Amino acid sequence: MKLSIISGSHRSNSYSFKAAEYLQGLALNSQFTDCEIFDLAEINLPMWDDSLYAGAEKWKPWQQIATQLRSADAVVIISPEWHGMATPAIKNFLLLATQQELGHKPVLLASVSASINGVYPISELRMTATKNNHACLLPDHLIFRNCESLLDAQSQVTDTEFDGRAKHTVSMLAAYAAGLTSVRQQLQSTENNYQYGM
């Protein structure tokens, strides 16, 4: 199975990217055989506008990501908490993603905070992230609190309790990925008639 991880910080060498590398390691030690990280700080996608649908040249980076996402069995979306919100890069990513990329695929939400916070991006994304792309958010999520001490220079977690929970959550993601494969296959013929959520 294939996993795609979206690191949603705008900063280079961010703790969100460290969290992505950590989760990539867990994924490759579980049921996932392939795992790619998309670092939105490095890709720097244009902000959504109508030219996306006309195939404008500026959307080539997005088309490359979209192709990879279509072949993924599951997705992780990581956002740092900035001013109590998910980042503009993550919100823009969700404007670009359709059911072709995320439809009926399990998505694990994760947030990153330099303090004990981190819940607000999760709440925001649970409310707004899935309407038209039909992603299936896992009931569990991860919050990398106190990230500067939680994640070391090698992108490893220093807290054994958090590490155990993260391993369990990645295993859950893999189980959902296997289970939802047949759901996607059954819905392919009818999805285009009802692309947008109510």
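Predicted model: local features only at pLDDT ≥ 70, side-chain atom pairs only at ≥ 80, totals over all residues.
With a relative accessible area of 0%, Thr169 is classed as buried (under 20% relative accessible area is buried, over 50% exposed, and anything in between partly exposed, using a 1.4 Å probe and protein chains only). This threonine sits in helix α8, which covers residues 160-187 (helices are DSSP runs of H or I with at least four residues, strands are runs of E with at least two, and both are numbered from the N terminus). Its side chain reaches the backbone oxygen of Arg165 at 2.9 Å. Thr169 also touches Leu108, Leu138, Asp140 and Leu142, leaving out residues up to four places away in sequence (contact means heavy atoms within 4.5 Å).

Residues are numbered from 1 along each chain as its sequence is written, and side-chain values use heavy atoms, without hydrogens or water.

Next comes the interior. In soluble globular proteins, nonpolar side chains tend to be buried together. The largest nonpolar core here has 31 residues, of which Leu3, Ile5, Tyr22, Leu23, Phe32, Ile78 and Phe144 touch the most other members (a core is a set of buried Ala, Val, Leu, Ile, Met, Phe, Trp, Tyr and Cys residues joined through side-chain atoms within 4.5 Å). Elements giving two or more residues to this core include β1 (2-7), α1 (15-28), β3 (74-80) and α8. Helix α8 provides the largest share, seven residues. A second, separate core of 27 residues includes Ile77, Ala89, Val107 and Ala135. As for Leu3, its contacts beyond four places in sequence include Ala27, Phe32, Val76 and Leu173.

Leu150 belongs to helix α7 and is buried, at 8% relative accessible area. Setting aside neighbours within four places in sequence, Leu150 is in contact with Phe144, Arg145, Gln156, Val157, Thr158, Asp159 and Phe162.

Charged pairs complete the picture of side-chain links. The whole structure holds six salt bridges (a side-chain nitrogen of Lys or Arg within 4 Å of a carboxyl oxygen of Asp or Glu). One of them joins Glu57 and Lys60, with an N to O distance of 3.3 Å; Glu57 is exposed at 57%, whereas Lys60 is partly exposed at 48%. Arg70 and Glu101 meet at 2.8 Å, N to O. This pair links distant parts of the chain, with Arg70 in helix α3 and Glu101 in helix α5 (residues 99-102), 31 residues apart. Arg70 is partly exposed at 38%, while Glu101 is buried at 2%. A further bridge connects Arg184 to Asp73, their closest N and O atoms being 3.7 Å apart. Because Arg184 lies in helix α8 and Asp73 in the loop between α3 and β3, the pair ties together parts 111 residues apart in sequence. Both partners count as buried, Arg184 at 14% and Asp73 at 18%.

Finally, at the surface, Tyr53 lies in the loop between α2 (40-43) and α3 (60-70) and is exposed, with 59% relative accessible area.

Methods:
Polar contact = N/O pair within 3.5 Å; in protein donor to acceptor, adjacent residues only side chain to side chain.
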